[in-house]
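Please find below a note on the structure under review. The points are numbered and may be read in order.

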Amino acid sequence: VGAPEAARRVEFGAAAERILAVCKAEDASLVVLGTRGRGRMKAAMLGSVSREVAARAPCPVLVVPAT
């Protein structure tokens with residue numbers, strides 16, 4: 001058993017849309033995202049990539065908070 005190797009990938013465009021597209025293209029079984037820790041007010045005004053991905057991803061999403 002064990003995890004498959006990770007690969008580096010560069011995408012251009014709206015972050016949430018690109019992450020979701022790669023999830024679907026790669027048939028991802030899990031997405032792991034970090035947060036920036038902007039705070040609730042800024043996140044509400046600017047939107048949240050992790051929130052959008054978690055809501056729309058075809059697989060489980062693990063969001064790791066900023067420390």
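1. Basis of the note. This is a predicted model, in which local features need pLDDT of at least 70 and side-chain atom pairs count only at pLDDT 80 or more, whereas totals for chains, interfaces and linings use all residues. Residues are numbered from 1 along each chain as its sequence is written, and side-chain values use heavy atoms, with hydrogens and water left out.

2. Confidence. The mean pLDDT (the predictor's confidence in each residue, from 0 to 100) of the protein is 85, and 82% of its residues reach 70 or more. Helices (H or I, at least four residues) and strands (E, at least two) are DSSP runs, numbered from the N terminus.

3. The H1 and H3 pair. The axes of H1 and helix H3 (residues 49-56) come within 9 Å and cross at roughly 35 degrees; axes are lines fitted to C-alpha atoms, for helices over the stretch in contact, with angles from 0 to 180 degrees between N-to-C directions. Ala15, Ala16, Glu17, Ile19 and Leu20 of H1 meet Val49, Glu52, Val53 and Arg56 of H3 in this contact (heavy atoms within 4.5 Å). Six of the contact residues are nonpolar, none is polar and three are charged; here Ala, Val, Leu, Ile, Met, Phe, Trp, Tyr, Cys and Pro count as nonpolar, Asp, Glu, Lys and Arg as charged, and the others, Gly among them, as polar. Ala16 touches Val49, Glu52 and Val53, not counting residues up to four places away in sequence.

4. Ser50. This residue lies in helix H3 and is buried, at 13% relative accessible area. Buried means under 20%, exposed over 50% and partly exposed in between (1.4 Å probe, protein chains only). Leaving aside neighbours within four places in sequence, Ser50 is in contact with Leu33, Thr35 and Val63.

5. Asp27. The loop between helix H1 (15-26) and strand E1 (31-34) holds Asp27. Most residues other than glycine have a negative phi. Phi of Asp27, however, is positive, near 50 degrees. Asp27 counts as exposed because its relative accessibility is 67%.
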